[in-house]
Amino acid sequence: MTLENKVSRWCLVSMASIPLVMTLGNSMLIPVLPIFEKKVGITSFQSSTIITSYSVAAIFLIPVAGYLSDRFGRKIVILPSLVLAFIGGLIAGFSSWKVDDPFIWITIGRVLQGIGAAGATPIILPLVGDLYKGDDEKASSCLGIIETSNTFGKVLSPILGSLFAVFLWFLPFFSISFFSLISIILVFFFIKVPKGEEEEPQPFKQFLQKTKDIFKQEGKWLYPVFLLGVYAMLVLFAVLFFMSDILEKIHQIKGVKKGFVLAIPLFTLCIAAFVTGKKIKGDTAVMKWVLVIALIMMSASVVFVGYVSEKIILLLIVTSVLGTAIGGMLPTLDALITEGIEKGERGTITSFYSSSRFIGVAAGPPVMSLLMKEYLNMGYMAGGAIGAILLLIVWFLIKPEKRANKTKNA
């Protein structure tokens with residue numbers, strides 16, 4: 001079976017729909033968290049746990065899903081996971097609609113969605129690696145499209161979330177189930193895993209030993225990549241949570257208008273992800289420079305977010321620079337992981353990476369809800385300092401020549 005047959009346009013659309021749906025499932029709730037606080041009678045910290053409960057569930061189960069996908073197949077893991085995300089949205093939506101004190105049930109629904117996210121989104125990275133085996137340039141381009149779908153979901157999320165909440169405050173929960181159903185249909189009919197290319201699954205003990213060996217041999221560059229994933233998503237979700245709060249409280253921007261304002265820095269993130277995916281073309285030297293430039297931009301811009309928060313134009317400029325940096329970083333990290341690990345272990349290693357990203361997603365909102373009270377600017381300055389430290393780590397530990405050779409041999 002040729003490469004063109006493996007990766008049809010609809011197959012690519014189906015793969016891209018999964019991160020889109022899962023991103024909508026989380027980011028769409030950020031602009032309506034202040035509404036949830038009023039309707040459900042919860043604090044800002046409690047509302048942040050609506051995001052965190054989704055992510056925490058994913059953190060612990062993503063590596064399990066990666067192993068299962070290596071052993072039993074990507075599609076077999078993805079479909080049941082999407083069904084769980086569908087059910088979780090229904091539970092959160094119906095409890096918000098019918099239960100007097102729905103917070104616990106909303107959290108249960110969000111945990112189910114997080115389990116669904118654990119088994120769906122991270123499996124896409126190794127699936128791309130499987131389908132484009134031996135063609136790093138096309139794999140990088142495809143990963144750029146996948147990451148762009150992810151980031152495009154972030155652009156749509158605040159707009160759709162705000163729009164749905166205008167009609168019914170709990171409608172975003174039901175919409176997550178609707179989008180999950182569309183993705184289920186696309187994956188079922190259009191993702192075709194070629195027969196005859198699956199390797200014999202290895203026993204668990206052998207798998208565990210091989211995973212340890214990979215981290216021992218490749219940890220010098222793998223661990224920095226994981227740390228960058230945590231950092232990028234922590235900063236992104238912390239800033240979005242902060243903006244959602246201050247746009248209402250300081251600038252009196254609410255509803256759909258707030259959704260469009262939040263979408264501006266996310267739009268720059270989306271464009272940067274798309275362009276980066278097209279340009280890196282499997283070249284690890286280029287990837288390293290993208291990471292270096294992105295970290296410089298992030299470290300320089302994040303420290304100013306708190307200081308310019310009362311001036312809406314300056315705030316949007318600073319957060320747009322930040323969004324551009326994160327948009328350049330994410331597809332680069334995807335490509336480094338996917339192209340640098342052999343197929344048999346790809347699902348597991350990319351799942352650890354995806355899990356690290358969810359750590360950032362989970363930590364961002366609650367950390368920001370605590371910092372906003374007294375330590376806002378200090379927190380953002382700490383974020384800039386961490387970025388500078390990661391810049392040094394990338395510079396000294398990610399070696400393009402070694403990585404390029406390894407990728408060719410994979």
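Student: What volume does the largest cavity have?
Tutor: The largest cavity has a volume of about 320 Å³. A cavity here is a set of points on a 1 Å grid over the protein atoms alone, where a 1.4 Å probe fits but cannot get out. Grid points are joined across faces, edges and corners, and the volume is the space filled by probe spheres set on those points. Bear in mind that this is a predicted model: local features need pLDDT of at least 70, side-chain atom pairs count only at pLDDT 80 or more, and totals for chains, interfaces and linings use all residues. Residues are numbered from 1 along each chain as its sequence is written, and side-chain values use heavy atoms, with hydrogens and water left out.

Student: How many cavities of 30 Å³ or more are there in the whole structure?
Tutor: The search finds 6.

Student: Back to the largest cavity: which residues lie nearest its centre?
Tutor: Thr23, Thr121, Asn150, Arg357 and Phe358, out of 22 lining residues. Lining residues have an atom within 4 Å of a point. By class, the lining has 12 nonpolar, 6 polar and 4 charged residues. Ala, Val, Leu, Ile, Met, Phe, Trp, Tyr, Cys and Pro count as nonpolar, Asp, Glu, Lys and Arg as charged, and the others, Gly among them, as polar.

Student: Which helices supply at least two residues each of that lining?
Tutor: H2 (9–27), H6 (103–131), H7, H9 and H13. Helices are DSSP runs (H or I, at least four residues), numbered from the N terminus.

Student: Is Cys11 buried or exposed?
Tutor: Buried, with a relative accessible area of 0%. Cys142 counts as buried too, at 3%. The cut-offs are under 20% relative accessible area for buried, over 50% for exposed and partly exposed in between (1.4 Å probe, protein chains only).

Student: What does Ser356 touch, leaving out residues up to four places away in sequence?
Tutor: Phe226, Gly229 and Val230, where contact means heavy atoms within 4.5 Å. Ser356 sits in H13, and a polar atom of its side chain lies 3.4 Å from the backbone oxygen of Phe226.

Student: And Ser369, which backbone oxygen does its side chain reach?
Tutor: That of Pro366, at 2.7 Å. Ser369 is in H13 and is buried at 5%. Leaving out residues up to four places away in sequence, Ser369 touches Ser44, Phe45, Ser48 and Phe241.

Conventions
A polar contact is a pair of N or O atoms within 3.5 Å; within protein, one must be able to donate a hydrogen and the other to accept it, and residues adjacent in sequence count only if both atoms are side-chain atoms. On a 1 Å grid over the protein atoms alone, a cavity is a set of points where a 1.4 Å probe fits but cannot get out, and a pocket is an open set with protein on both sides within 12 Å along at least five of seven lines; lining residues have an atom within 4 Å of a point.
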